[in-house]
Amino acid sequence: MHVIVIGGGISGLAAAHRLLEGGARVTVLESSPRLGGKLYAGRIADAAVDLGAESMLARRPEGLDLARAAGLGAALRPPATGTSAIWTRGEVRPMPTGHVMGVPADPAVLDGIVSPDGLARAAEDAELPRTEVGEDVAVGEFVAARLGREVVDRLVEPLLGGVYAGDAYRISMRAAMPALFEAARKERSLLAAVRGIQERAAAGRQDGPVFMGIEGGMGRLPDAVADTCRAAGADIRTDAPVTGLRRTGDGWTAIAAGRPLEADAVVLAAPAPAAARLLAGLSPAAAAELERIEYASMALVTMAFRRSDLARVPEGRGFLVPATDGRAIKASTFSTNKWHWNAAQDPDLFVLRTSLGRYGEEEVLGRDDADLVELSLRDLETAIGLTARPAASAVTRWNGGLPQYPVGHLDRVARVRRDLAALPGLAVCGAAYDGVGIPACIASARTAAEAVLQSGSRARPPAGSEAGGE
């Protein structure tokens with residue numbers, strides 16, 4: 001069985017890996033010159049850094065399992081420090097504990113993050129009548145109704161924004177926070193719903209870190225997976241854009257770099273806009289749904305400072321920034337503090353990065369790279385008193401990089417898959433469907449790969465028989 005995988009990001013590579021495990025022959029077609037998508041390793045001031053995603057959730061197994069399968073098990077590393085903060089109400093304050101993505105079990109944990117009036121408003125949740133959740137609801141809308149807007153604006157929004165670069169008042173609670181969604185459907189009080197989540201988590205507590213990185217950077221993962229796939233016989237091509245896809249008899253033909261390539265099945269692991277273009281003539285309804293998936297853009301500014309230039313070395317692993325304060329940056333990560341391997345490369349080097357760009361507020365990304373560096377330095381000076389100039393800097397732009405999950409997103413994904421079920425041997429996967437995190441993308445990819453493997457098994461006659469025979 002020959003399967004074409006369209007897209008060489010971590011989803012496409014994970015799909016290829018699973019297909020090879022299932023005995024398929026695999027061709028991966030990636031339109032850009034490199035593999036990995038938003039996993040991107042680079043260098044600054046001769047030090048290895050991540051210029052894209054830098055860690056993955058360790059409480060889900062898919063990312064760790066794939067890293068181990070690709071030979072990176074010994075390179076898995078937890079963050080060196082768990083101390084994070086939030087720059088809010090004029091100060092960088094310790095990140096509170098005892099909350100679920102910013103939604104507390106007890107409003108008291110938000111003291112200092114929100115005002116006394118905000119704390120009093122959040123406490124009213126215990127006495128308010130039920131707020132119906134329905135089939136789906138925006139996280140910000142529901143939390144604001146129960147606890148007040150200040151809790152959303154000061155904590156929920158920056159935490160969700162760090163994952164989706166989105167607007168908390170649009171993001172689907174059912175898609176982004178399913179445990180809270182289900183708990184809120186059962187409990188009258190949102191505070192009580194969070195307490196229930198925490199109690200269940202404590203009862204089944206997993207040991208080990210919440211997040212995990214890779215020594216040398218998460219950007220090593222896609223290349224390691226690609227090497228493993230090549231060793232198993234995969235044909236992986238970069239600079240190979242797919243401009244056409246059509247059904248041919250019992251199989252498929254992709255037009256890649258101007259040439260036809262035939263296969264028994266296709267895994268479409270491209271972003272939603274590219275997938276929509278390829279599906280327009282095959283499934284207009286699915287293509288129309290995919291066209292409606294919006295994306296947010298962002299930029300990462302990575303800077304390396306000489307410690308001798310720093311009046312004071314920043315502490316902790318970084319901070320988040322609420323949009324309501326009107327700052328240019330939405331977060332800063334102190335990479336040298338966060339990762340032992342980063343600090344060990346050059347004892348005199350301190351590497352940090354900032355992120356800019358939110359859904360609906362992306363005009364800042366129209367500025368040139370030098371301006372983004374200066375905007376970041378201005379905010380860093382205000383937040384932590386950093387006045388030094390970087391020895392080196394790099395700006396990485398992720399235009400249309402993060403799919404948005406508004407209310408109704410999961411229903412849209414279900415409609416896409418229902419419509420594509422009429423096309424045997426075709427499956428879709430990636431960040432636009434089942435979650436934007438690395439483990440979620442890998443899980444989506446494995447599900448897609450298994451679907452086409454099963455379709456191939458159904459299409460083939462049993463061993464020792466002929467098609468059409470008894």
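Student: So helices here are DSSP runs of at least four residues, numbered from the N terminus; which helix does Ala183 lie in, then?

Tutor: This is a predicted model, and in it Ala183 belongs to helix H7, which covers residues 178-186.

Student: Is Ala183 buried or exposed there?

Tutor: Ala183 counts as buried, because its relative accessibility is 6%, and the cut-off for that word is under 20%.

Student: And what does Ala183 touch?

Tutor: Leaving aside residues up to four places away in sequence, Ala183 is in contact with Ala193, Ile197 and Arg200. Arg230, by comparison, is 47 residues along the chain from Ala183, and the C-alpha atoms of the two are separated by 45 Å.

Student: Changing topic, which domains does the chain have?

Tutor: The domain assignment gives domain 1 as the stretches 2-39, 61-72, 219-293 and 406-459, with domain 2 at 87-204 and domain 3 at 295-403.

Student: How far apart are the centres of domain 1 and domain 3?

Tutor: Their C-alpha centres lie 32 Å apart, and the contact between them takes ten residues from domain 1 and four residues from domain 3. Together the two domains bury about 570 Å² between them, with 73% of that area on carbon and sulfur atoms.

Student: Which three residues of domain 1 supply more of its buried area than any other three?

Tutor: Those are Lys38, Ile293 and Val436, which supply 65% of the area that domain 1 buries against domain 3.

Student: OK, sheets now. What is the strand order in the five-stranded one?

Tutor: The order is E12-E2-E1-E16-E22, in an open sheet with parallel pairing. At its edges stand E12 (235-237) and E22 (426-428), each of which pairs on one side only, and neighbouring strands are turned by 15° against each other on average, direction ignored.

Student: How many bridges join E2 to E12?

Tutor: Three bridges join E2, residues 25-29, to E12, and the two strands run parallel. Within that part of the sheet, Val28 of the chain stands opposite Ile236 in E12.

Student: What about the sheet of three strands, what order does that have?

Tutor: That open sheet has the order E13-E14-E15, with antiparallel pairing. Strand E13 (242-248) and strand E15 (259-263) each have a single partner strand, so one side of each is left without a neighbour in the sheet.

Student: Which strands does E7 pair with?

Tutor: E7 pairs with E8 (residues 91-94) in the antiparallel sense, over four bridges, and with E18 (residues 318-320) in the parallel sense, over two bridges. On the E8 side the bridge partner of Thr88 is Glu91, and on the E18 side Ile86 has Leu320 as its bridge partner.

Student: Are the faces of E7 covered or open?

Tutor: Both faces are covered. In a regular strand the side chains alternate between the two faces of the sheet. In E7, residues 85-88, Ala85 and Trp87 are on one side and Ile86 and Thr88 on the other, and all of them are buried.

Student: Where do positive phi values turn up?

Tutor: One is at Arg89, near 55°, in the hairpin of E7 and E8, which has two residues between the strands. Asp46 has a positive phi of about 65° although it is not a glycine; this residue lies in the loop between E3 (41-44) and E4 (47-50) and is exposed, with a relative accessible area of 65%. Asp239, in the loop between E12 and E13, has a phi near 50°.

Student: Last one: how many disulfides are there?

Tutor: A search of the whole structure finds zero. A disulfide would need two cysteine sulfur atoms within 2.5 Å, and the sulfur of Cys229 is 13 Å from the closest one, in Cys429, so that pair is too far apart for a bond.

Student: And Cys429, what is its closest cysteine?

Tutor: The closest cysteine sulfur to that of Cys429 is in Cys441, at 8.4 Å, which is also too far for a bond. Cys429 counts as buried at 0% relative accessibility, and Cys229 is buried with a relative accessible area of 1%.

Technical notes
Residues numbered from 1 in each chain as written. Predicted model: local features only at pLDDT ≥ 70, side-chain atom pairs only at ≥ 80, totals over all residues. Heavy atoms only, no water. Buried < 20%, exposed > 50% of the residue type's maximum accessible area, 1.4 Å probe, protein only. Pairing = 2+ DSSP bridges. Domains from an automatic or database assignment. Contact = heavy atoms within 4.5 Å. Buried area = accessible area lost by both parts, 1.4 Å probe. Axes fitted to C-alpha atoms, helices over the stretch in contact; angles between N-to-C directions.
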